[in-house]
Amino acid sequence: MFQVQKWGNSLGIRIPKAIAMKVGLEEGSEIDFDVEDDKIIIKRKAQKLKELLSQITPDNIYKEVSTGDAEGREVW
């Protein structure tokens, strides 16, 4: 069971490390809140394509993979 605590003029909750790791949250993660049927939904904010592409380096980029000869009306 968790408790809501006063945090300045707001309310706060602590997210246990195991739960944060399970959904990929870390310090500085951006999140969105939604309310559905009296439930608070916390979602990781989707990263923008530019942010994702900036994480590609020569060390982590996938190499070209051959998928075989063209079939059907494919043009190479």
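1. The model is predicted, so local features need pLDDT of at least 70 and side-chain atom pairs count only at pLDDT 80 or more, while totals for chains, interfaces and linings use all residues. Residues are numbered from 1 along each chain as its sequence is written, and side-chain values use heavy atoms, with hydrogens and water left out.

2. The count of salt bridges (a side-chain nitrogen of Lys or Arg within 4 Å of a carboxyl oxygen of Asp or Glu) is two. One joins K45 and E30, with 3.9 Å from N to O. This pair links distant parts of the chain, 15 residues apart: K45 is in the loop between β4 and α2 (49-54), and E30 is in the loop between α1 (17-23) and β3. Helices (H or I, at least four residues) and strands (E, at least two) are DSSP runs, numbered from the N terminus.

3. K45 is partly exposed at 40% relative accessible area, whereas E30 is exposed at 53%. Here buried means under 20%, exposed over 50% and partly exposed in between, with a 1.4 Å probe and protein chains only.

4. The other salt bridge pairs K43 with D34, whose closest N and O atoms are 3.3 Å apart. K43 is partly exposed at 40% relative accessibility, and D34 is partly exposed at 30%.
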